Amino acid sequence: MKVSIKAPAKINLSLDVLRKRNDGYHEVKMIMTMVDLADRIDLTNCDSGKITVDVSEGFVPNDERNFAYQAAALLKKKYKVSAGVHIYITKRIPVAAGLAGGSSDAAATLKGLNQLWELGLTLDQLAELGAEIGSDVSFCVYGGTALATGRGEIIESIPSPPPLWVILAKPPIGVSTKEIYGNVKLHRAKHADTDAMLTALENQDTDGIFAHLHNTLEDVTLELYPEVKHLKDQMKRFGADAVLMSGSGPTVFGLVKTESRVNRIYNGLRGFCEEVHAVRLIRTSNTCPKPDESDIL
Ligand code: ATP
């Protein structure tokens with residue numbers, strides 16, 4: 001028995017850091033949405049009872065450090081599953097890029113194994129398990145567009161943005177999420193107007209969305225890594241309607257209304273940046289999370 005499932009990347013339309021908590025995490029308020037750049041996860045049942053992982057990219061761990069492995073191990077232990085699984089991950093999402101690639105692989109593995117091992121769990125149950133692996137995993141379980149609060153694991157589905165193109169560009173550096181959060185100075189950070197972004201999404205107001213894109217971590221990363229600022233400036237210069245860094249970076253995304261302009265920006269950026277993708281936002285019509293097998297290939 002085999003199940004194949006897509007694990008899409010996310011971008012942050014808004015990311016606000018509210019305060020540092022006693023447990024060491026930061027309290028955040030974020031609006032996240034999925035884009036159609038996805039890893040592929042192939043799950044094959046295995047009688048040996050073992051969990052094994054192979055990844056198309058050599059530098060991603062293929063042992064218990066892999067988030068997909070952790071997802072399988074968690075389900076296996078919690079639901080006393082005797083079967084094992086072989087997980088093959090075809091990586092397309094840039095790694096350590098602010099696009100939640102590892103979290104999405106974990107979420108897809110939870111959803112795929114729910115089917116392969118016939119566990120009958122709801123999305124809410126899978127999202128709760130996901131939060132034990134990482135703060136972004138719960139969002140990746142639901143997909144679509146959501147407001148995420150707490151340390152990022154409290155999810156409320158909200159309307160998707162209008163249809164837009166997204167250009168993703170990653171400079172050739174890896175950024176540690178821990179380092180960026182560690183350097184946020186909350187007393188002088190610029191905060192996001194999340195409520196204004198929510199209103200813009202509810203009204204499907206494209207210009208409102210462009211105007212309220214904000215990421216509180218951006219100034220921190222830009223100061224430490226000036227190449228991210230350079231990439232942002234270039235993307236604007238080539239004609240993106242609005243540009244922001246995703247997560248803790250270093251990926252920068254541009255939102256674009258028209259396909260002809262997307263091609264121009266893509267070609268312009270490819271001249272000096274190796275990792276550029278032109279993709280669409282993944283839009284969902286329902287705002288009420290239900291068990292959803294639409295990512296199963
Ligand atoms: P986030 O936006 O959630 O902070 P990210 O996009 O910045 O995440 P990831 O691509 O998830 O970063 O990778 C972060 C680290 O996680 C990598 O250094 C990698 O070693 C490790 N990792 C574990 N499992 C995976 C996986 N399945 N895919 C990618 N990286 C993984």
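Q: Contact means heavy atoms within 4.5 Å. With that in hand, which residues is Asp136 in contact with, leaving aside its neighbours within four places in sequence?
A: This is a predicted model, where local features need pLDDT of at least 70, side-chain atom pairs count only at pLDDT 80 or more, and totals for chains, interfaces and linings use all residues. Residues are numbered from 1 along each chain as its sequence is written, and side-chain values use heavy atoms, with hydrogens and water left out. Asp136 sits in the loop between α3 (123–131) and α4 (137–142), helices being DSSP runs of H or I of at least four residues and strands runs of E of at least two, numbered from the N terminus. Its partners are Lys10, Met30, Met32, Ala100 and Ser103.

Q: Which residues does UniProt list for "active site"?
A: The record is an unreviewed entry, and such annotations may be inferred rather than shown by experiment; positions follow the numbering used here and feature names are shortened. The listed residues span 127 residues in sequence, yet no two of their C-alpha atoms are more than 9.4 Å apart, so they gather at one spot. UniProt's picks are Lys10 and Asp136.

Q: Is Lys10 buried or exposed?
A: Lys10 belongs to strand β1 (residues 2–20), and its side chain makes a 2.7 Å polar contact with that of Asn12. A polar contact is a pair of N or O atoms within 3.5 Å; within protein, one must be able to donate a hydrogen and the other to accept it, and residues adjacent in sequence count only if both atoms are side-chain atoms. The cut-offs for relative accessible area are under 20% for buried, over 50% for exposed and partly exposed in between (1.4 Å probe, protein chains only). At 4%, Lys10 is buried.

Q: Which backbone nitrogen does the side chain of Asp39 reach at 2.8 Å?
A: Asp39 is in strand β2 (residues 26–46) and counts as buried, because its relative accessibility is 1%. Beyond four places in sequence, it touches residues including Ile5, Lys6, Gly101 and Asp105. The backbone nitrogen its side chain reaches belongs to Ile93.

Q: How far apart are the C-alpha atoms of Val279 and Ile167?
A: Val279 is part of strand β11 (residues 275–280), and it's buried, with a relative accessible area of 6%. Skipping neighbours within four places in sequence, its contacts include Val35, Leu37, Trp165 and Leu168. Val279 and Ile167 are 112 residues apart along the chain, but their C-alpha atoms are separated by 6.3 Å.
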